[in-house]
Amino acid sequence: MERSLSMELVRVTEAAALASASWMGRGKKEEADNAATTAMRNVFDTVPMQGTVVIGEGEMDNAPMLYIGEKLGTGVGPKVDVAVDPLEGTNIVAAGTWNALAVLAVAEQGNLLHAPDMYMDKLAVGREAVGQVDINAPIIDNLKAVAKAKNKDIEDVVATVLDRERHARIIHEIREAGARIKLIPEGDVAAAINTGFDDTGVDILFGAGGAPEGVIAAVALKCLGGEIQGRLLPQNDEERERCKKMGIEDPNQVLRMDDLVRGDDAIFAATGVTDGELLKGARIHGARGTTHSLVMRAKSGTVRFIKGSHSLIKKPHLVIKED
């Protein structure tokens with residue numbers, strides 16, 4: 001893929017972030033998601049690529065979505081798989097809390113796992129701990145491995161976990177080990193990415209979240225030199241059958257980086273919708289908006305933070321909240 005595609009893609013997440021940020025704190029998650037989706041689709045149509053959505057918005061949200069199989073781009077340029085989450089953290093935006101993102105990932109055609117919309121057990125770490133952790137190992141062993149890799153005491157290791165009843169055992173074991181925890185209400189793509197940046201204060205991610213989000217996070221961590229391991233968690237016969245259709249006969253199979261995203265020709269882009277540890281949220285000031293974005297390319301290892309100032313009047317593709 002051309003390196004210039006990176007800058008084209010960040011325009012997509014900027015538009016989605018600005019559109020959904022106008023709904024922050026209004027308690028209307030579906031309206032926020034719809035605004036992000038519409039803006040993202042409109043800008044995608046201007047990007048010089050031949051894209052196919054292989055991971056769209058999660059069906060669990062029962063919201064408008066960029067659907068799997070949808071064609072994106074101008075129809076000229078590289079053929080790519082596209083994974084999108086126009087608004088990762090719909091409830092976050094509705095409540096006006098932390099770490100909502102507009103995110104996307106692209107890779108050469110055929111290189112992204114077509115993850116079904118089900119739960120995935122995940123373990124994510126940054127560059128220093130790559131190869132030192134194992135999703136099959138006890139929690140305490142992984143915490144010790146990260147502490148050693150980052151030259152920390154275990155008491156200084158920070159694990160992030162979705163605040164869910166299903167994670168009660170994980171939370172208990174982290175506390176018993178003496179490590180610290182950052183419980184998050186939603187948004188485990190942001191949480192996984194945070195393990196790749198020391199400034200966020202996050203060292204490791206544990207727990208089950210959406211499988212599609214696991215693939216998006218894998219692209220980001222591949223760009224950062226980090227690691228995510230996953231295991232699908234089918235809840236019924238229908239979901240087990242979906243695993244088989246993906247070629248995964250054994251649901252206990254550990255999915256590693258190259259299972260989730262093959263090769264290194266991949267790009268990740270994200271723009272903050274609400275403030276987070278890594279990115280500031282989008283701001284709207286009358287006819288202008290500001291954004292803070294991250295765009296990364298695995299092939300070159302380039303990581304860029306981009307601050308944008310936008311004339312909303314000159315961007316008709318945005319769907320800004322109307323009273």
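Predicted model: local features only at pLDDT ≥ 70, side-chain atom pairs only at ≥ 80, totals over all residues.
The radius of gyration here is taken over C-alpha atoms, and the globule rule is 2.2 Å times the number of residues to the power 0.38. I start with that rule because a compact globule of 323 residues would come out near 20 Å, and the chain has 19 Å, which agrees.

**Overall form.** I looked up the box next: along the principal axes, the C-alpha atoms fill roughly 55 × 40 × 40 Å. Then I went through the secondary structure and found 9 helices and 13 strands in the chain.

How much of the chain is buried? I get 57% of the 323 residues. The accessible surface comes to about 13,600 Å², and carbon and sulfur atoms own 46% of that. I also checked contacts with a separation of 6 or more: residues 24 or more positions apart account for 71% of them.

**Charges.** I see 38 positive and 48 negative charges in the chain. Their mean positions lie 5 Å apart.

I picked out helix α4, which covers residues 139-149. Which of its residues are buried? My list reads Ile139, Asn142, Leu143, Ala145, Val146 and Ala147. I then asked myself what covers the buried residues of α4. The cover includes the strands β5 (119-125), β6 (158-162) and β8 (204-210), along with helix α5 (168-177). Last, I stepped just past the end of α4 and stopped at Asn151, which takes a positive phi of about 55 degrees.

Technical notes: Residues numbered from 1 in each chain as written. Heavy atoms only, no water. Helix = DSSP H or I, 4+ residues; strand = E, 2+ residues; numbered from the N terminus. Buried < 20%, exposed > 50% of the residue type's maximum accessible area, 1.4 Å probe, protein only. Contact = heavy atoms within 4.5 Å. Areas by Shrake-Rupley, 256 points an atom, 1.4 Å probe, with all protein chains shown as cover. Lys, Arg positive; Asp, Glu negative; His and termini not counted. Charge placed at Lys NZ, Arg CZ, Asp CG, Glu CD.
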